[in-house]
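Subject: Structure handover

Hello,

Here is the structure I promised to pass on. Please open it alongside this note.

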Amino acid sequence: MLTRPPLPNPEEYDIDIETGFVPPNPTELPAYYAPWCNLVSDLPSLLQSKTLRAKVDDLASLQIDQLNLQEHWQRAYVILGFLTQAYVWQEKENPSAIVPASIGEPFLKVCEHFGTAPVLSYAGGSLWNWTSVAPGGHANPLETLGNFQALKSVASFTGTRDEDAFNLVPTMIEARGARLVQLLLNAIRDSQNGEQQDLVSVLDICARTFSEMAGLLPNLHDNCDPMFFFSEIRRMLAGSAGAELKGLPDGVTFQRSNGHHEVVRCVGASAGQSAFFPFLDHLLGVRHESKFLLEMRAYMPKKHREFLEAVELLPSLRDLVHDQPQDAALQTAFQLAIDAFKHWRTKHVVVVSRYVSQPSKAQANGKPMVEAKGTAGSLPIPFLKQYRDETTFTPTP
Ligand code: HEM
């Protein structure tokens with residue numbers, strides 16, 4: 001008898017039923033870590049005065065044994081990830097190829113804890129980097145995550161609302177889409193159990209959710225200035241791989257307190273490291289030729305990566321729709337869901353054109369230019385258009 005792949009339980013993979021890959025209860029670090037927290041609170045002014053490196057050089061080494069909760073580890077990853085990027089890129093023309101042990105050693109350990117590459121990634125910049133502006137916290141996480149005015153970043157290079165929007169609009173979009181995680185898994189479970197199910201309603205919810213996700217993008221357009229993003233925020237997210245021309249020919253060396261060191265070459269943070277979108281791609285049967293986003297999996301927390309691996313053993317909703325060619329309503333509902341997903345990707349191409357391609361042309365000011373790359377290293381527009389065009393469905397005639 002053929003064994004069916006087990007349905008993964010999202011909660012076993014650090015995925016919340018309500019908020020998905022976004023943790024619902026971001027939490028302060030214990031008081032012991034005040035030296036890290038103080039530095040990150042002052043990050044914008046320390047970067048402006050170019051004094052962050054000196055402060056980090058003087059920082060006492062703290063142990064990681066006071067990180068008691070998974071939320072503490074997440075917060076430590078955010079703080080140390082931002083401090084590391086700031087240390088390297090404080091001076092644009094003169095990046096530091098060394099990260100001292102005071103932050104480098106605990107950062108390496110925190111990355112080992114999460115099974116992720118030793119660099120600030122999308123999880124640190126966006127998913128785990130939210131908090132509520134209200135002093136009382138966030139009694140209703142999903143509601144808070146739906147309102148940009150209620151949110152701010154825990155860590156920020158510039159301390160601006162522009163950067164809050166850049167960091168947190170992806171977080172809001174993932175939280176808005178989170179309901180699809182259990183919904184799609186349940187649809188697969190019901191079909192595996194041979195249960196009668198209303199797939200048309202499931203697909204209607206998908207279509208509605210995709211358009212709500214796209215509907216959150218104005219929060220980015222209204223709050224984040226493209227030139228400011230391009231010149232001030234983006235440069236702080238740069239990775240150490242392929243950074244020869246930026247002054248890092250040999251990556252970045254993390255020092256350890258025992259005199260050992262580790263050489264790292266990583267790309268920068270990008271929502272291309274999200275696990276949510278590959279999850280949707282798989283369960284909606286959208287296949288991509290490019291292997292670029294597979295490479296990005298090394299930058300996801302291991303649990304999210306393992307969740308995707310478990311999901312990818314399951315059949316897709318496209319397979320279920322395919323098996324019922326006579327059901328015209330089902331074919332139409334699937335088409336509408338895929339169209340809405342594609343529409344989200346079209347809106348995202350517009351974002352990337354506004355925030356990367358246009359500022360890069362403006363900066364070149366008519367001089368010959370090489371196309372600006374994404375923070376994760378892709379040539380964004382052709383790559384993202386291909387991703388969008390592969391988000392397609394032709395109903396059975
Ligand atoms: C200023 C805002 C943004 C810029 C400049 C931007 C840029 C990019 C770039 C350049 C890539 C290609 C990978 C790389 O080289 O980094 C990418 C991929 C991606 N971005 Fe964005 N992005 C932005 C906003 C968003 C938002 C708000 C989301 C929502 C979650 C998002 C989700 C994604 C996803 C899922 C991918 C992978 C490709 C796909 O699945 O279609 N991005 N982005």
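Below is what turned up, starting with the ligand and moving on to the sheet and the backbone.

First, the ground rules. This is a predicted model, in which local features need pLDDT of at least 70 and side-chain atom pairs count only at pLDDT 80 or more, while totals for chains, interfaces and linings use all residues. Residue numbers start from 1 along each chain as its sequence is written.

**Ligand shell**

The shell around the ligand holds 28 residues. Ser270, Ala271, Gly374, Ala376 and Ser378 come nearest. By type, the shell splits into 18 nonpolar, eight polar and two charged residues. Here Ala, Val, Leu, Ile, Met, Phe, Trp, Tyr, Cys and Pro are nonpolar; Asp, Glu, Lys and Arg are charged; the others, Gly among them, are polar.

Three helices each supply at least two shell residues: helix 8 (161-177), helix 17 and helix 18 (380-389). Helix 17 gives the most, with six. Helices are DSSP runs of H or I with at least four residues, strands are runs of E with at least two, and both are numbered from the N terminus.

**His348**

UniProt lists His348 under "binding site", in an unreviewed entry. UniProt positions follow the numbering used here, feature names are shortened, and annotations may be inferred rather than shown by experiment. His348 is found in helix 17, which spans residues 328-364. It is buried, because 20 other C-beta atoms lie within 10 Å. The cut-offs are 20 or more for buried, 12 or fewer for exposed, and partly exposed in between, counting other C-beta atoms within 10 Å of the residue's own, all placed from the backbone.

Three strands form an open sheet in the order 1-4-5, with mixed pairing. Strand 1 (98-99) and strand 5 (261-264) stand at the edges with a single partner each, so one side of each has no neighbour in the sheet. Strands pair if DSSP finds at least two bridges between them.

- Strand 1 pairs with strand 4 (residues 252-255) in the parallel sense, over two bridges. Ile98 stands opposite Thr253 in strand 4.
- Strand 4 pairs with strand 5 in the antiparallel sense, over four bridges. Phe254 stands opposite Glu262 in strand 5.
- The hairpin of strand 4 and strand 5 has five residues between the strands, and Gly259 there takes a positive phi near 90 degrees.

Helix 5 (residues 101-114) lies across strand 1, strand 4 and strand 5, at about 90 degrees to strand 4. Axes are lines fitted to C-alpha atoms, for helices over the stretch in contact (C-beta atoms, placed from the backbone, within 7 Å). Angles run from 0 to 180 degrees between N-to-C directions.

**Backbone points to check**

Asp14 has a positive phi of about 60 degrees, although it is not a glycine. Asp14 sits in the segment before helix 1 (34-41). It is partly exposed, because it has 18 C-beta neighbours inside 10 Å.

Lys50 is not a glycine either, and its phi is positive, near 55 degrees. Lys50 is in the loop between helix 2 (43-48) and helix 3 (52-57). With 11 C-beta neighbours inside 10 Å, Lys50 counts as exposed.

Glu12 also lies in the segment before helix 1. Glu12 is exposed, with 11 other C-beta atoms within 10 Å. Its C-alpha atom is 8.3 Å from that of Lys303, 291 residues away along the chain.

Best wishes

Methods
Near = placed C-beta within 6 Å. Contact = placed C-beta atoms within 7 Å.
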